[in-house]
Amino acid sequence: QLVVVGGGVAGVSCVEEAAACALDCCEQQAAAVVEQMVAAITLVSASQTIKGIANFVKLSDALQTFDLVEEELAAIASRHASVTVVHGVAEHTQLHDSSAASGDGSSPQSCLHVRLLSPTATAAAGSLVRLPFDKVVFCTGAEPRSLLPHAHPRVFGLRDTHTVQHLAGVLGAMGGDAWCW
């Protein structure tokens, strides 16, 4: 089980690559292995909209071009049989040493505790669910760093389409004086 936290470009790209690798593995293995690979990747996103890339072109060793695309969270699961999606917020991780055995001889499994933002077939919105994992990847982005020691109304940190839209709204609200600070 692979769990990826984050519905931005990094998280979606991670899931896409893992799903492609799982598919390649399945094509080379017996049917029994294929059954184990189905739904082995879970994407956790706090947003119903995820971001990915399309039309990727490598122009040189250091230069590439691509389009940023936004789509519904469920779209990635519809493209890949090995992917399930969870609309929720990761609250904490419970890690276990894979070499340690519990009292009944089984190995305890690490899991991610997620607060659901939307209901699932088995749990209501607001429920805390456990997602067991063998590997977990956190692709939760970063906060932009400001050079000012405190927030300032005329300083904006841009890092994604939402912050660009916020800035556009602020500039639009300022009218003709937007560029005359």
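Trainee: Is Phe-56 buried, partly exposed or exposed?

Mentor: Phe-56 is partly exposed, at a relative accessible area of 46%. Here buried means under 20% relative accessible area, exposed over 50%, and partly exposed in between, with a 1.4 Å probe and protein chains only. Keep in mind that this is a predicted model, where local features need pLDDT of at least 70, side-chain atom pairs count only at pLDDT 80 or more, and totals for chains, interfaces and linings use all residues. Residues are numbered from 1 along each chain as its sequence is written, and side-chain values use heavy atoms, leaving out hydrogens and water.

Trainee: Thanks! Where does Phe-56 lie?

Mentor: In strand E3. Helices (H or I, at least four residues) and strands (E, at least two) are DSSP runs, numbered from the N terminus.

Trainee: Which residues form the nonpolar patch on the surface?

Mentor: Val-9, Ile-53, Phe-56, Phe-66 and Leu-68 form that patch, and together they have about 420 Å² of accessible area. E3 and E4 are the elements that give two or more residues to the patch. Patches are made of residues with over 30% relative accessible area and no salt bridge, joining like charges within 9 Å and nonpolar side chains (Val, Leu, Ile, Met, Phe, Trp, Tyr) within 5 Å. A salt bridge is a side-chain nitrogen of Lys or Arg within 4 Å of a carboxyl oxygen of Asp or Glu. The areas come from the Shrake-Rupley method with a 1.4 Å probe, and for residues only the protein chains shown count as cover.

Trainee: In which sense do E3 and E4 pair?

Mentor: Antiparallel, over 8 bridges, with E3 at residues 49–58 and E4 at residues 64–72. Two strands pair if DSSP finds at least two bridges between them. A hairpin of 5 residues joins E3 to E4, and Val-57 has Thr-65 as its bridge partner in E4.

Trainee: What's the phi of Asn-55?

Mentor: It is near 55 degrees, a positive value in a residue other than glycine. Most residues other than glycine have a negative phi. Asn-55 is in strand E3 and counts as exposed because its relative accessibility is 55%.

Trainee: Changing topic: how many disulfides does a search of the whole structure find?

Mentor: The search finds 0, with a disulfide taken as a pair of cysteine sulfur atoms within 2.5 Å. Cys-14 is in none, and its nearest cysteine sulfur, that of Cys-139, is 5.0 Å away. Cys-14 is partly exposed, with a relative accessible area of 22%.

Trainee: And Ser-110, buried or exposed?

Mentor: Ser-110 counts as buried, at 10% relative accessibility. Its place is in the loop between strand E5 (83–94) and strand E6 (111–116). Leaving out residues up to four places away in sequence, Ser-110 touches Gln-94, Leu-95, His-96, Leu-131, Pro-132 and Phe-133, where contact means heavy atoms within 4.5 Å.

Trainee: What separates the C-alpha atoms of Val-136 and Val-4?

Mentor: They are 5.8 Å apart, although the two residues are 132 residues apart along the chain. Val-136 lies in strand E8, residues 135–138, and counts as partly exposed at 25% relative accessibility.

Trainee: Zooming out, what pattern does the protein follow along the sequence?

Mentor: It reads β-α-α-β-β-β-α-β-β-β-β-α, which comes to 4 helices and 8 strands. Of the 181 residues, 25% count as buried. Among contacts between residues at least 6 apart in sequence, 53% join residues at least 24 apart.
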